[in-house]
Amino acid sequence: MGNPKAFLTIPRQEAGYRPIHERITDFSEVEQTLNTSDRKLQASRCMDCGVPFCHWACPLGNRPPEFQDAMYKGKWEEAFQILSRTNDFPEFTGRICPALCEKSCVLQLSIHAPVTIREDEAAIIEAAFREGYIKPKHYPRNGKKVAVIGSGPAGLAAANQLNKKGYGVTVFEKLEYIGGLLRFGIPNFKLGKNIIDRRIRLMEAEGVTFKPNTEIDVQKLPEGFDAYCVCTGTPQARDLAIPGRDLKGIHFAMEMLAQQNRVLAGQTFTKEERIDARGKHVLVIGGGDTGSDCIGTSNRQGAASVTQIEIMPKPPVGDNPATPWPQWPVVLKTSSSHEEGCTRRWSLSSTKFIGKNGHVCGVEVEEVEWVPAEGGGRPVMKPIGKKEVIKADLVLLAMGFLKPEAPQLPPNAFLAGDAATGASLVVKCIAGGRKAAESIDRYLNA
């Protein structure tokens with residue numbers, strides 16, 4: 001490495017977000033970037049640890065010390081080559097990954113200021129596109145064909161890897177645009193859809209065929225293929241079956257997020273179809289990233305107020321002894337959407353929806369406490385009897401997804417991504433798609 005002591009003199013510098021008063025008026029990406037000089041300085045903070053826990057924590061097995069060193073030395077193309085060996089889509093993970101690598105960085109343990117690995121990753125891939133390091137490649141064909149069912153991160157990664165191995169790859173997508181979760185589940189202010197389109201154009205130029213608006217029954221896979229990769233995600237959101245669920249104004253989070261992305265793509269909806277937070281008191285039930293995305297979307301639509309509730313207790317701030325380094329820390333997370341305005345509350349269980357004239361106008365909630373289970377295991381939820389009504393004329397259910405039942409598949413069909421594991425991270429889905437591609441290659445060459 002070029003400067004083994006840079007971490008002693010150069011502080012962590014994040015690119016940060018656009019000003020709140022500016023960004024909540026549009027759906028453009030909120031995250032900014034550093035100039036090339038500052039970015040190289042951030043890369044220099046990597047200590048090239050003897051045991052790189054960042055590499056250990058990354059589901060893809062990315063090698064931050066190597067690409068950080070090349071980046072610091074101004075060898076951007078070399079940094080890109082190192083990064084692209086393990087990650088098919090750094091432009092996605094560099095924007096939306098929670099950066100498990102950074103939480104396991106030794107500088108996180110020692111001074112709570114890890115290397116800006118995720119931002120550096122995004123800078124490398126953007127430089128690669130900008131400087132022309134990325135050009136369509138054509139791979140020798142082996143005469144075999146593979147169908148990929150689903151075009152989310154797992155499906156795209158599997159398709160990309162199989163195409164490189166010489167297979168004729170066709171990606172089937174039931175929806176009107178390619179991208180799956182990336183396209184419909186993640187707001188544009190976190191991932192601009194032009195970034196997805198850019199990658200799709202490259203994959204098409206390299207020989208991958210995409211067929212949107214084509215729903216495939218996984219029990220009746222299309223003929224003419226030597227193998228199949230099923231990446232259908234987790235389509236079933238967790239519902240909240242309490243009194244009043246049939247009132248108008250209660251929606252699954254993904255209904256709102258997907259519709260908003262479609263609106264930004266130019267589609268139109270009737271007043272009755274449109275899920276719009278303008279002037280409304282919004283209640284988001286669920287404290288995860290999807291709930292956070294609902295907050296950011298609601299504020300951009302002009303909500304009168306936004307409240308987010310979570311049934312679990314408030315996570316600790318800072319460190320959590322229950323999840324010590326280098327594990328992923330279960331601590332309080334404040335997203336860019338939270339910063340834009342919302343009330344956050346914990347240990348609240350929803351007991352019933354309250355309506356007026358057939359439309360939701362409030363939610364009755366009850367405080368709960370979590371009692372340690374005898375002999376260990378998951379704590380037991382105990383209602384304490386303290387109830388209240390939270391005003392809400394738009395309720396968004398963001399409580400996660402049910403793990404899909406694994407379908408009965410023939411031996412030449414492989415599951416990948418959320419369809420195999422249940423709802424997970426984009427980076428893990430990419431890793432799953434890569435692994436499935438390897439399994440298919442071994443199967444077809446056994």
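His-112 sits in the loop between helix 9 (106-111) and helix 10. Keep in mind that what you're looking at is a predicted model. The phi angle of His-112 is near 55°, a positive value in a residue that isn't glycine. Why is that worth a second look? Most residues other than glycine have a negative phi, and most peptide bonds are trans.

Now hop over to Asn-357, in the loop between strand 9 (348-356) and strand 10 (359-371). Asn-357 also isn't a glycine, and it has a positive phi of about 55°. Is Asn-357 buried or exposed? With a relative accessible area of 79%, Asn-357 is exposed, because the cut-off for that word is over 50%.

Let's zoom out for a moment. The chain contains 18 helices and 13 strands. For 446 residues, a compact globule would have a radius of gyration near 22 Å, and the chain has 23 Å, which agrees. Of those 446 residues, 49% are buried. And if you take the contacts in the chain with a separation of 6 or more, 70% of them come from residues 24 or more positions apart.

With that picture in mind, go to helix 5 (residues 64-72). Its buried residues are Pro-64, Pro-65, Phe-67, Gln-68, Ala-70 and Met-71. What do the buried residues of helix 5 pack against? They pack against helix 3 (36-44), helix 4 (53-57), helix 6 (76-86) and helix 10 (117-131). Just after helix 5 you'll find Gly-74, with a positive phi of about 80°.

Two of those partners, helix 3 and helix 10, also meet each other. To describe two packed helices, you give the angle between their axes and the distance between the axes. For helix 3 and helix 10, the axes come within 10 Å and cross at roughly 130°. Helix 3 passes helix 10 in a left-handed crossing. Helix 3 brings Arg-39, Gln-42 and Ala-43 to this contact, while helix 10 brings Glu-119, Asp-120 and Ala-123. Sorted by class, that gives 2 nonpolar, 1 polar and 3 charged residues.

Stay with helix 10 and follow it to helix 13 (residues 193-205). Here the axes come within 13 Å and cross at roughly 55°. That makes helix 10 oblique to helix 13. The crossing of helix 10 and helix 13 is left-handed. From helix 10, Ile-125, Glu-126 and Phe-129 take part, and from helix 13, Ile-195, Arg-198 and Arg-199. Which classes turn up in the contact of helix 10 with helix 13? There are 3 nonpolar and 3 charged residues, with no polar ones.

Helix 14 passes helix 15 in a left-handed crossing. On the helix 14 side you have Ala-253, Met-254, Met-256, Leu-257 and Gln-260, and they meet Thr-290, Asp-293, Cys-294, Thr-297, Ser-298 and Gln-301 of helix 15. The residues of this contact split into 5 nonpolar, 5 polar and 1 charged.

One last stop ties two parts of the chain together. Trp-325 and Pro-326 are joined by a cis peptide bond, with omega about 5°. Pro-326 is in the loop between strand 7 (305-309) and helix 16 (336-339). Trp-325 also shows up among the contacts of Lys-103: leaving aside neighbours within four places in sequence, Lys-103 touches Pro-98, Gln-108, Trp-325, Trp-328 and Pro-329. Lys-103 itself belongs to helix 8 (residues 100-103). Its relative accessible area is 25%, so Lys-103 is partly exposed. As for Cys-342, it is 239 residues from Lys-103 along the chain, and their C-alpha atoms are separated by 26 Å.

Methods:
Residues numbered from 1 in each chain as written. Predicted model: local features only at pLDDT ≥ 70, side-chain atom pairs only at ≥ 80, totals over all residues. Heavy atoms only, no water. Left-handed = near helix turned anticlockwise from the far one by under 90°. Helix = DSSP H or I, 4+ residues; strand = E, 2+ residues; numbered from the N terminus. Contact = heavy atoms within 4.5 Å. Nonpolar A, V, L, I, M, F, W, Y, C, P; charged D, E, K, R; others polar. Rg over C-alpha atoms; globule rule 2.2 N^0.38 Å. Buried < 20%, exposed > 50% of the residue type's maximum accessible area, 1.4 Å probe, protein only. Axes fitted to C-alpha atoms, helices over the stretch in contact; angles between N-to-C directions. Parallel < 35°, antiparallel > 145°, perpendicular 65-115°, else oblique.
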